[in-house]
There are 2 protein chains.
Amino acid sequence: MDTLAYAKLRTQLEELAHFSSTLALLQWDQEIYMPAKGGEPRAKLISYLSVVAHEKLLALNSGKLLTKLVQEAKKTPNTPEAIVIRDVWRSYTRERKLPTAFVQELAELTSRAQTIWAEARAKSDFSLFLPSLKRLVELKRQEATYVGYKNSPYDALLDTYEPGLTSAQIDPLFSELRDFLKPFLRKLKAAKQQPPAATRLKGKFPLREQEAFNEQLLRKVGFDFEAGRIDQSTHPFTTNFHPYDVRITTRYSETDALYALGSTIHEMGHALYEQGLPVEHFGTPLAEAVSLGIHESQSRFWENMIGKGRPFWKYFYPKLQKQFPKPYARVPFETFYRILNRVEPAFIRTEADEVTYNLHIIIRYELERGLIEGTLKAKDLPQLWKAKMKDYLGVTVKNDREGVLQDVHWSIGAIGYFPTYTLGNLYAAQFSETAKKQLPKLEAQLEKGNFTPLREWLRTHIHAHGKTFTSEALVKEITGEPLQASYFIKHLKEKYGELYEL
Amino acid sequence: MDTLAYAKLRTQLEELAHFSSTLALLQWDQEIYMPAKGGEPRAKLISYLSVVAHEKLLALNSGKLLTKLVQEAKKTPNTPEAIVIRDVWRSYTRERKLPTAFVQELAELTSRAQTIWAEARAKSDFSLFLPSLKRLVELKRQEATYVGYKNSPYDALLDTYEPGLTSAQIDPLFSELRDFLKPFLRKLKAAKQQPPAATRLKGKFPLREQEAFNEQLLRKVGFDFEAGRIDQSTHPFTTNFHPYDVRITTRYSETDALYALGSTIHEMGHALYEQGLPVEHFGTPLAEAVSLGIHESQSRFWENMIGKGRPFWKYFYPKLQKQFPKPYARVPFETFYRILNRVEPAFIRTEADEVTYNLHIIIRYELERGLIEGTLKAKDLPQLWKAKMKDYLGVTVKNDREGVLQDVHWSIGAIGYFPTYTLGNLYAAQFSETAKKQLPKLEAQLEKGNFTPLREWLRTHIHAHGKTFTSEALVKEITGEPLQASYFIKHLKEKYGELYEL
């Protein structure tokens, strides 16, 4: 390895990372604290810095630096340096295909469309968002053409979120899942043994007390507040500027403490991943997450596999009861657990239970793939949305706010992102199976509030590797098998079979 | 004017402004929301972007673009374009003299020194901060050498904050002021008629209620919350990313509502200036403040000339009484007014009254000038500080936290900044005299809560001009005279003569 050339690359990557961190802060601030009129100048600023970052990425190969390093990497293909070089080359070759004017228009449009979407959503009026969405779809189709693809233009977009994965690989997984879920959901609905209504857990939860409880939970599980923080936003998210500055958001309901807790635990999973990345490699792919699917596996792991399980709540429920005796003091543990895991087809993805959640995703996957492949039109989305919700979940969507406008993703140009949520669920279930085998005392540890062994297991097996493995290789490395839907299906069958006494 | 060349400059200036806005957000976030471990990576990020911005500023003259425009500007010296070109040329020629490595070291050191200072202050231990301060003084002396100066290296630093002004001009103003203030303060202390103790205004003020009251006050006076926000920080400040995104901070005491209100009104003055800059010129000096002294004149105007006067409180005091009946309901207006304006020599500059405030500044001016001129050493600061506080204000400083460590300025490399606070007071008093003449109904308007005429007067005469005039020219333009200390002295004599029945 030409160490001088590699050191030069390293410096440039760190500079690029400074731009990524800055853009992440600009977006975080836009979402949480920016005043309304700041939107226009912020869109210009973000667009400008995106272009500078784009040009900086392209400049990585000036003097054929990258080309030479790629050749060198072939001699020692398994070294960390070679891994970095290959991944940077991958990003570089993709980015090289995007004209600067295109990058600029996309950055400006997505920053602006986000504000327009928020307004359209508030007014529950899809027509306000339609012109932006149409242009976005055009641009994303153009992106696919620039980048190139084998079978579907959708694959070119998916690749940014789940490198290497194609819709041809997703299709059988999602089909298996859909074919299981639709009849399974009908069975649950028909079951005689239904959990009590969620209203029993409603009450009055002052914001400050909720904030304190969420923070206490995060701290206990191992979120490092010296290296992160939690804020409020409409749509919860995690962002990171550096493993030492990882920020999550959640949202509160003053009548339902579980509303925030679910989001908080979910985002905590993302945050533990980011805080667990090896700081010494900051700026390189070795300190980056494998993919959005693997990222989501971490949030889903904590949110569902752990955070909706009995052992976790055996520890936290008494604390919740103490903090909010009304209503929890009168609700026995088993009742709480059953309400927490109540399956209830509804409109909003982010509030969906473990069973119906993936049907929400499959709907979005089918729709956005249609948009990109040109088989359906943006203007028809509200109707198609309603039809699929009725078909898959059996619910009647009343308006755009509770339907097609509920999610931010399309407005920020994130098409190809949704499937990673369900992939995350599948990864999480498969990882969970292995973790349980390798940590035989896990249940008892969780019940005692000892989260260290599990957190360290995830850190050692997943976080610490950065992008050393592709998602495909990582799953095999950890579980000995390629990704499959069966583990998740087994998890649902066992858990909900018991709960609903099927 | 070569319109194509000018348009090119305009674009580059806007790009530079994007960097300034970004750096301002990074610093705002560092001060208010960044977690502790984020400090190191943030310092590197800020340092890196400062260097990029520095190089971008230098690149303004590539192809001799600026040199040519400066020649063109001589033909039409009074056009807005010529004003922009001259001011940019001024910044460019200064910046050109600073080596990139120097800019980088200074940016990194100041970002880091701020954290070190905060820790030293918390521990009240100057020795922790001394090594950073020593290096900072070295760098700032070096900066003066790079930039060049006629009489004192201090002038080279002062010039960044108050363009064109020298210590030779400041000296007679500050001497006149000091020679008036020292005996005047003794007279006030000896007066038989002393305002009641401040303890009568103490109470229990819940944070949320205070926040609501401060926001209500800001809104009423005319701060645009669509184009700005207010947060909490240890040291109140105003920052702006764009006239449409101007942010202030304040700090609260749960036992004294006036503690926050004073800061809020002060920062509001800064913010109204920034929100009043002509947005169509964003990126150019025509949308920038004249100088820190003129900026401070706006905060001081609202904080002291207006916000410590009877008419303002005739409107707001009943509202304050309603919001916090304990303790205010029992305190008559005149008693409140007299306590609000109580003169009390004390340790902390930011909490000082109108009379003693400038003595705090003069002490800092004398000390930092000595540091830069090499007539005194950083290690001797705590002792010198104590001696001057005793001499000028008659108070005995107990420790570093309440002494030499109280202000953030030196830690961020802002040497030459302090005098602009007192200049602000002098400008404010002189502007106030003119405003009263030109707005004969001002008092009655303020009493009725009609702040529009005054706000518009400031906007028309000061804010809307951006940097069209130098501070010297602006004062003459508005008041017909150069800056002098006599207006401020007259203000103090009249106000406090009545209050203390001298």
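Trainee: Which rotation superposes chain B on chain A?

Mentor: In this predicted model, chain B falls on chain A with an RMSD of 0.0 Å, and the shift along the rotation axis is 0.0 Å. That is the relation of a two-fold axis. The rotation itself is 180 degrees.

Trainee: Of the residues of chain B, which comes closest to the rotation axis?

Mentor: The distance is taken at the C-alpha, and the closest approach in chain B is 3.8 Å. The residue at that distance is T22(B).

Trainee: Through what surface do the copies meet?

Mentor: Of the interface residues of chain B, 100% are also interface residues in chain A. The copies therefore meet through the same surface.

Trainee: What kind of pair do the rings of Y33(A) and W28(B) form?

Mentor: A search of the whole structure finds 66 aromatic pairs over all chains. In the pair of Y33(A) and W28(B), the ring centres are 6.1 Å apart and the planes stand at 70 degrees. An angle over 60 degrees counts as edge-to-face, so this pair is edge-to-face.

Trainee: Does that pair lie within one chain or join two chains?

Mentor: Y33(A) belongs to the loop between α1 (3-32) and α2 (39-58) of chain A. W28(B) belongs to helix α1 (residues 3-32) of chain B, so the pair joins two chains.

Trainee: Is Y33(A) buried or exposed?

Mentor: Residues under 20% relative accessible area count as buried. The value for Y33(A) is 13%, so Y33(A) is buried.

Conventions:
Residues are numbered from 1 along each chain as its sequence is written. Chains are lettered from A and ligands numbered from 1 in the order in which they are written. This is a predicted model: local features need pLDDT of at least 70, side-chain atom pairs count only at pLDDT 80 or more; totals for chains, interfaces and linings use all residues. Side-chain values use heavy atoms; hydrogens and water are left out. Copies are superposed by least squares on the C-alpha atoms of residues with pLDDT of at least 70 in both. Contact means heavy atoms within 4.5 Å. Rings of Phe, Tyr and Trp (its six-membered ring) pair if their centres lie within 6.5 Å; planes under 30 degrees apart count as stacked, over 60 as edge-to-face and the rest as tilted. Helices (H or I, at least four residues) and strands (E, at least two) are DSSP runs, numbered from the N terminus. Buried means under 20% relative accessible area, exposed over 50%, partly exposed in between (1.4 Å probe, protein chains only).
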